[in-house]
Amino acid sequence: MPAPHVVIFTATALTVFAIQPSRAAEPGVKIAVFDFELNDRSAGGGIIGQDAIDTENLKMSTEEARRMLVDSGRFSIVDAGSAAGEITAAGGVQHCSGCESALAKKLGADQSMAGIVTRVNRTEYTLQILVRDAETGAVVSNAFTGLRMGANYAWPRGVKWLMNNKILSAQGAQ
């Protein structure tokens, strides 16, 4: 359907403006994306702690997921930063038994997203992204992939792959 036009007459020229139909201010699904976490199960996990490079790659992974959700046009991000203290007090998303969905609801979101990178060893990782319904806590999407022969700089690429091939494709099918 062509866009409606408004014709404005002036003394010297005829001007035509195309007016685009208005869009809703925000997409339909509000999602709270909690900071992705590292679960270090490697032999050195108890000896070598999470370093600044790990922290930066987790941050980039979280940001990649948020960016892709917004770019899909189907989601708006609810800031989950105010719930960080509660998540930390619960031992992180990976230890709080689904607390992120209740926190997302409290923040006004429809869904929650959490990501866990598990370090198997220094070149093998797994990545899980879990999306829950904020009202019920039910799992909406649980995507998992392995990252082999890489390093922590591969985590954002793994997020991109999971988002494209599992999360966004599953959410779009609903």
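View 1. Helices (H or I, at least four residues) and strands (E, at least two) are DSSP runs, numbered from the N terminus. The model is predicted: local features need pLDDT of at least 70 and side-chain atom pairs pLDDT 80 or more, while totals for chains, interfaces and linings use all residues. Residues are numbered from 1 along each chain as its sequence is written, and side-chain values use heavy atoms, without hydrogens and water.

**View 2. The buried residues of H1 line one face of the helix.** Buried (under 20% relative accessible area, 1.4 Å probe, protein chains only; exposed is over 50%, partly exposed in between) are Asp54, Asn57, Leu58, Ser61, Thr62, Glu64, Ala65, Met68 and Leu69. Seen down the axis of H1, they fall within an arc of 155 degrees, taken from the directions from the helix axis to the C-beta atoms. The face turned away from this buried side carries the exposed residues Ala52, Ile53 and Asp71.

**View 3. Tyr125 and Trp155 form an edge-to-face pair.** This is the one aromatic pair of the structure. The ring centres are 5.4 Å apart and the planes stand at 75 degrees, so the pair is edge-to-face; rings of Phe, Tyr and Trp (its six-membered ring) pair if their centres lie within 6.5 Å, and planes under 30 degrees apart count as stacked, over 60 as edge-to-face and the rest as tilted. Tyr125 belongs to strand S7 (residues 124-133) and Trp155 to helix H4 (residues 155-172), 30 residues apart.
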